[in-house]
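Thanks for coming. I will take a few minutes to walk through one model, so please look at the sequence and the structure as they come up.

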Amino acid sequence: MELVGKFISLIIILLSFALSLSAGEDAVLKEAKKAFSKKAYQEAIKKFTKYSESHPSDGVSFMYMGYIYEYKKDYPKSIQNFRKAAELNLDKDQRKTVLLKLALFFNYHQDWNLAAAYSSRYLKYDSKNEEMQKIYNRAVGNRGNPGANTAHIQPLKPAEPKHNEEKTVHHNKPDQDKKDNGKQNLSSQEDGSDSIKPSSDYEKKVAANPTNDDLRWEYALALFEEKKFDLAEENIKILIERNPTRTRYHYKMGIVKLRKDDPKAAIESFEKARKNPLSKDTNVFFYYVYLNEGLAYQKLNQLDQAEASFKAAHKQLAKDTPLLALARLKHQKSSWEECVQNAEGAVAIAGQVESHMFRFICLAESGKTGTKLDSSFEKYFQFLESNFQSPTKAPDKYKIGFLRLARHLTALGKENTAEKYFASLENDTDVNGTREYLFYRGKNLFYLNKFDTAIPLLQKVPNSSAAYYLLARAFAKKGDLNSTKSNLKSAGQMKDEYWTMASKEEDFKEFLKDSKFVDFINKKGVETNTEVPSQTPSSSVKTAPPVANGTGTTPLPSTPSPQKNP
């Protein structure tokens with residue numbers, strides 16, 4: 001806090017200076033600063049964004065947006081904008097202030113790699129600042145310990161995930177390093193080059209000083225950063241042989257094993273790490289060990305053990321990440337109510353899009369409606385629409401909700417948008433053969449009048465009265481009487497209500513003009529060879545009678561509710 005107070009005056013002076021609008025300043029920037037000074041933040045964001053588009057090398061707009069989101073208490077977006085500003089053109093005082101904020105933030109969140117990087121850069125401008133030197137020394141000393149790689153901010157450009165997505169669970173891995181901290185969108189300078197150099201810089205030094213454990217540790221961390229996991233493992237093994245009780249070595253070995261898809265070995269390393277917990281910030285240490293251990297158990301499909309580990313992590317630190325991990329796990333087990341509870345807890349703490357996704361999915365699966373479902377649907381849907389032009393480009397972790405999202409869009413009458421999400425799943429072998437996918441995509445295509453595409457999908461749905469009835473309607477649209485009768489008969493044999501629905505079905509309007517088809521419905525699919533006499537004024541065609549309910553007649557819905565499985 002002393003360090004923060006020391007720089008309050010600097011920040012005030014900086015803002016006052018920046019707000020004094022010079023005559024030659026860009027008009028858009030002037031308007032943006034004016035809106036900022038009036039606390040009209042939404043307008044200011046629009047203006048600063050417009051300015052940054054025409055001045056892509058200027059960091060001042062991102063700096064101001066960092067302040068705006070800080071005032072709005074949206075700290076992830078605040079830090080993302082400060083990080084962007086730090087890589088662009090700023091004057092000396094502005095850069096010092098931005099680096100100060102970043103160093104303090106990552107120091108507080110114990111992201112030692114980034115704390116070391118930003119404090120090192122700050123010290124280039126103020127090398128005698130003792131408080132910043134303490135932050136740097138602490139960060140360098142703790143690199144590689146549990147808590148060194150947190151997942152507290154979202155990527156700045158989520159529309160470019162192709163270099164950093166994996167097929168494993170994401171948000172419950174605190175070792176996500178570059179991925180979850182958004183480094184993939186920043187220069188290599190910010191990727192920690194001030195604190196962790198390329199592994200090639202260490203090779204000769206390690207060869208010349210093979211007994212220097214600190215140097216080998218830095219080398220191992222650099223290898224890990226570069227995803228050279230085999231070499232990282234070799235060097236960590238050497239360190240463990242020399243110092244078998246060193247916690248950070250066993251913890252990092254566990255993370256390496258996870259990255260090498262060896263969860264059983266990872267669990268063994270985490271257990272060894274727990275035997276000698278860090279004396280400082282013990283709860284933080286256990287939090288990250290349990291969190292990664294839960295992931296390892298989940299990879300082994302040992303879901304009860306995974307659940308216990310995630311709960312233990314949350315007991316250490318009441319953060320949203322273990323709750324999100326539990327929601328994911330409960331979704332995997334189809335435990336919808338428990339999934340909702342954990343997702344709601346995660347939403348209340350941080351409100352990540354992934355948390356909203358699981359709350360939406362599991363509320364819908366449990367048949368719930370209301371503001372919570374609507375709110376999470378909107379958060380999830382708008383995030384996808386805003387960030388991914390094509391659903392196929394979205395990270396795998398968001399695709400978990402695509403099928404339920406598409407179903408919901410169909411129910412809302414947004415069939416074209418729904419088809420976009422259905423289509424993105426057609427090559428997913430875990431989804432494209434399921435009863436749910438076949439029926440609901442077929443249904444959506446039916447409502448789009450794409451009968452030739454809908455029919456083959458619906459024909460693959462086994463023993464579904466709803467699918468048979470949709471097929472009857474689709475064939476009726478195509479004028480195929482025999483196929484209409486065949487599928488209507490199959491639907492009616494499974495659920496008698498479909499005969500009543502058929503007598504009122506608009507799609508059968510043309511066939512209902514035929515007395516034989518009416519007779520087919522009245523006799524519930526029983527065909528007769530008796531000739532129907534020619535119509536006379538006294539022998540008009542009778543349609544199937546409506547079902548009496550005591551208060552009049554109410555036709556049944558033409559298809560089951562889209563919220564239920566076919």
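Before the helix pairs, one term: a crossing is called left-handed if the near helix is turned anticlockwise from the far one by less than a right angle, and right-handed if clockwise. What we have is a predicted model, where local features need pLDDT of at least 70, side-chain atom pairs count only at pLDDT 80 or more, and totals for chains, interfaces and linings use all residues. Residues are numbered from 1 along each chain as its sequence is written, and side-chain values use heavy atoms, with hydrogens and water left out.

The chain has 28 helices and 0 strands. Those are DSSP runs numbered from the N terminus, H or I of at least four residues for helices and E of at least two for strands.

Now the pair α18 and α21. Helix α18 covers residues 353–365 and helix α21 residues 402–411; they pack at about 65°, and their axes are 10 Å apart. Axes here are lines fitted to C-alpha atoms, for helices over the stretch in contact, with angles running from 0 to 180 degrees between N-to-C directions. The crossing of α18 past α21 is left-handed. On the α18 side, Phe360, Ile361, Ala364 and Glu365 meet Arg404, Leu405, Arg407 and His408 of α21. Contact means heavy atoms within 4.5 Å.

A second pair is α10 (residues 213–225) with α11 (residues 229–242), at an angle of about 155° and with axes 8 Å apart. Angles over 145 degrees count as roughly antiparallel, under 35 as roughly parallel, 65 to 115 as roughly perpendicular and the rest as oblique, so α10 and α11 are roughly antiparallel to each other. α10 also passes α11 in a left-handed crossing.

What about the interior? Of the 566 residues, 51% count as buried, meaning under 20% relative accessible area with a 1.4 Å probe and protein chains only; over 50% is exposed, and in between is partly exposed. A nonpolar core is a set of buried Ala, Val, Leu, Ile, Met, Phe, Trp, Tyr and Cys residues joined through side-chain atoms within 4.5 Å. The largest one has 105 residues, and Tyr380, Leu384, Leu405, Leu488 and Phe508 have the most contacts inside it. Helix α14, residues 282–299, gives the largest share of this core, 11 residues. A second, separate core has 41 residues, including Tyr51 and Phe62.

Leu488 touches, among others, Tyr469, Trp499, Phe508 and Ile521, leaving aside residues up to four places away in sequence.
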